[in-house]
Amino acid sequence: MRVLVGGGTGFIGTALVRLLKARGHQVTLASRTPGPDRITWVESSLSKGGSQQPPGDHPVIGQHHLQGPRTPQDLDLSHRSYYQPSLTSEYDEDSPGGDFDFFSNLVTKWEAAAKLPGDSTRQVVVRSGVVLGRGGGAIGHMLLPFRLGLGGPIGSGHQFFPWIHISDLVGILAHALEERHVQGVLNGVAPAPATTNAEFTQAFGAALGRPAFIPLPSAVVQAVFGQERAIMLLEGQKVIPRRTLATGYQYSFPTLEAALKEVVG
């Protein structure tokens, strides 16, 4: 297929473009600047809701607020913070959320802005967990302190830590693109049993061969990240990919140990 990708030069987008090309798809990036295999926002009129569209009837993969052309194969990527933090609740794709704080409301607005009218458009929304991969994402911020033996649980460490390897996140997107029966909301998280922040910390330290027992107190997290962002770190969610698995997607890194071994190996 010819696929239009928004946000295709970032950590996730780069991996997605690489995978799509490896699968034989032709990729065009929606970009602010012109270049080979790119189309600017002005040219496409995507950001203005205009009537001009890239030639043909092609799938669109966007991140956050990108709304693609109104074609029967549009896809949208939206993620993080939709479900309310809880130490006890379990969330799947049909669980309510999106209305309890700033970030959840923001995700709700992203998804609403990307929603296309009518029933002729197949649309997929992927809500991802913390993305683990080399060279960026959460690991990029944690690697140095953990290598120095300064890593440890955040707050109590009892909060759930929904995660996914970047290969599986982009794999889910490619799967949704290629399999026409896939539609609606998919949780982009690993299918492994729910992981707490403390369990992730210990597994990450073990993968690096470093101790990981120095806790980061809640007060420090709130002071550094602010009240809203601190909530996401201190109060996690137990999220399961029920519908993602039902679509037939096969995970490459279903367990935390395998994912971390690839990331730090």
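Is His175 buried or exposed, and what is its relative accessible area? In this predicted model, His175 is buried, because its relative accessible area of 12% falls under the 20% limit.

View 1. A polar contact of 3.1 Å links the side chain of His175 to the side chain of Thr247. When neighbours within four places in sequence are set aside, the residues in contact with His175 are Arg23, Val182, Thr247, Gly248 and Tyr249.

**View 2. Buried and exposed faces of helix H9.** Helix H9 spans residues 256-264, and its buried residues are Leu256, Ala259, Leu260, Val263 and Val264. These residues lie on the same side of H9, because the arc they cover around the axis is only 110°. The exposed residues Glu257 and Lys261 are carried on the face of H9 that is turned away from the buried side.

**View 3. Packing partners of helix H9.**

**View 4. A nonpolar patch on the surface.** The patch is formed by Leu144, Leu148, Leu150, Phe213 and Ile214, which together have about 540 Å² of accessible area. One of these residues, Leu148, is located in the loop that runs between helix H4 (137-147) and strand S9 (163-165). Leu148 counts as exposed because its relative accessibility of 56% is over the 50% limit.

Technical notes: Residues are numbered from 1 along each chain as its sequence is written. This is a predicted model: local features need pLDDT of at least 70, side-chain atom pairs count only at pLDDT 80 or more; totals for chains, interfaces and linings use all residues. Side-chain values use heavy atoms; hydrogens and water are left out. Patches are made of residues with over 30% relative accessible area and no salt bridge: like charges are joined within 9 Å, nonpolar side chains (Val, Leu, Ile, Met, Phe, Trp, Tyr) within 5 Å. Accessible areas come from the Shrake-Rupley method with a 1.4 Å probe; for residues, only the protein chains shown count as cover. A salt bridge is a side-chain nitrogen of Lys or Arg within 4 Å of a carboxyl oxygen of Asp or Glu. Helices (H or I, at least four residues) and strands (E, at least two) are DSSP runs, numbered from the N terminus. Buried means under 20% relative accessible area, exposed over 50%, partly exposed in between (1.4 Å probe, protein chains only). A polar contact is a pair of N or O atoms within 3.5 Å; within protein, one must be able to donate a hydrogen and the other to accept it, and residues adjacent in sequence count only if both atoms are side-chain atoms. Contact means heavy atoms within 4.5 Å. The arc is that of the directions from the helix axis to the C-beta atoms.
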